[in-house]
Amino acid sequence: MKIACLPGDGIGPEIMAEALRVLAALELPVEVVHGDVGGAAYHRHGHPLPPETLALAQGADALLFGAVGDPTCDNLERHLRPEQAILGLRSALGLFANLRPAKMFAGLEDLSALRPEVAGAIDLLIIRELNGDVYFGEKAIRRLDDGRRQGFDLMSYAEDEVRRIAHVGFRAAQGRSGKLCSVDKANVLETSQLWRDVVIEVAAEYPDVALTHMYVDNAAMQLVRDPGQFDVIVTGNLFGDILSDQASMCVGSIGLLASAALGERQMAHGTLGLFEPIHGSAPDIAGTGRANPMAMILSLAMLLRHALGQEDAATRIEAAVAVTLADGIKGGDLGGTAGTVAIGDAVLARL
Ligand code: ATP
Ligand code: MG
């Protein structure tokens, strides 16, 4: 099993170092290869996603990605900006499913935007489709006959696009508590009606999963009112974009949240994927040793679970992070004083 490690810019290399210490401690039979990406790659190779990095990624079973974003690249042409690297990797690897877990860690309830007693119950996974919907349909601003301008974006989903993301949702639900909620707007959108029909078809293959459906407006409300009712949510690109940001604010800090982008390619033990923290390169604190590496370490846990089938190792990492937080060891993003390496040490000690 080969993991391609792409630390990127800003705090990326610092938090990646801690994740790699955790990986080494687990003594798994994995090979780690390293590549340049983002601003770091631009400065060294003249491109944010050089061909050698892409080849490295294509030859790996999974990608562990730090962060890209470099203020010294702000004036470059768009295709040379660091952020293009992640878009290029997503499309080259066919990554179509974005997984964002949101879980309330014990002792952090006060950081939530929700009431602590409600926030304490949050332990959910949002699965967002990444390759379809209004983002990729025909779009234009055109002139009508009477001279008024009209903007439009075509919302569309083909049934195979819905089917493959539905499978990701059902499989994820099987690995958790067996509950899947499909979010759509089937009362007004044809796209959503097709979405719902296909999800129901796919459900026949997963009799052990309890499937429910919810309109997106109600889902937004229920996430705030009673987030504990959700386990796995599967939804389209636009609704998922909004709901996943909403869910992340319900749990608190940006320094704790991991994500995965999964592809269609099946590896020996799971699905090819790219695993990264949801936060960016944090140039304001890069090099100060203050970045919280927990989101990066939790991204490693997701990689072990979804790409390598190492559920036990993933659970051990997540438990070690939870105990570290419960013991009061917190980074600056959580109002604490522990630095990057100290947090890495603390997680390792509890592994
Ligand atoms: P991007 O455009 O790359 O998403 P951004 O402008 O949204 O970047 P981030 O890099 O995510 O911003 O940083 C937002 C704020 O959160 C910054 O003040 C940063 O220092 C802080 N931050 C982000 N990640 C961490 C972390 N792991 N530990 C501590 N603080 C963090
Ligand atoms: Mg951001």
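The C-alpha centres of domain 1 and domain 2 lie 25 Å apart in this predicted model. The domain assignment of the protein chain places residues 1–98 and 258–351 in domain 1 and residues 109–252 in domain 2; such bounds come from an automatic or database domain assignment. The contact between them takes 10 residues from domain 1 and 11 residues from domain 2, two residues being in contact if their C-beta atoms, placed from the backbone, lie within 7 Å. On the side of domain 1 that touches domain 2, strand 4 (95–103) and strand 11 (258–266) each supply at least two residues, and the largest share, four residues, comes from strand 4. Helices (H or I, at least four residues) and strands (E, at least two) are DSSP runs, numbered from the N terminus. By class, this side of domain 1 has seven nonpolar residues, one polar and two charged. Here Ala, Val, Leu, Ile, Met, Phe, Trp, Tyr, Cys and Pro count as nonpolar, Asp, Glu, Lys and Arg as charged, and the others, Gly among them, as polar.

Residues are numbered from 1 along each chain as its sequence is written, while chains are lettered from A and ligands numbered from 1 in the order in which they are written. Local features need pLDDT of at least 70 and side-chain atom pairs count only at pLDDT 80 or more, whereas totals for chains, interfaces and linings use all residues.

The largest nonpolar core has 108 residues, of which Ile-127, Phe-275 and Leu-300 touch the most other members. A nonpolar core is a set of buried Ala, Val, Leu, Ile, Met, Phe, Trp, Tyr and Cys residues joined through C-beta atoms within 7 Å. Beyond four places in sequence, the residues touched by Ile-127 include Ala-97, Leu-99, Ile-165 and Val-232.

Gly-263 is found in strand 11. This glycine counts as buried because it has 20 C-beta neighbours inside 10 Å; the cut-offs are 20 or more other C-beta atoms within 10 Å for buried, 12 or fewer for exposed, and partly exposed in between. Gly-263 and Arg-90 are 173 residues apart in sequence, with their C-alpha atoms 8.5 Å apart.

Ligand 1 is surrounded by 16 residues, the closest being Gly-255, His-279, Gly-280, Ala-282 and Asn-292; a residue is near a molecule if its C-beta atom, placed from the backbone, lies within 6 Å of it. The shell consists of six nonpolar, eight polar and two charged residues.
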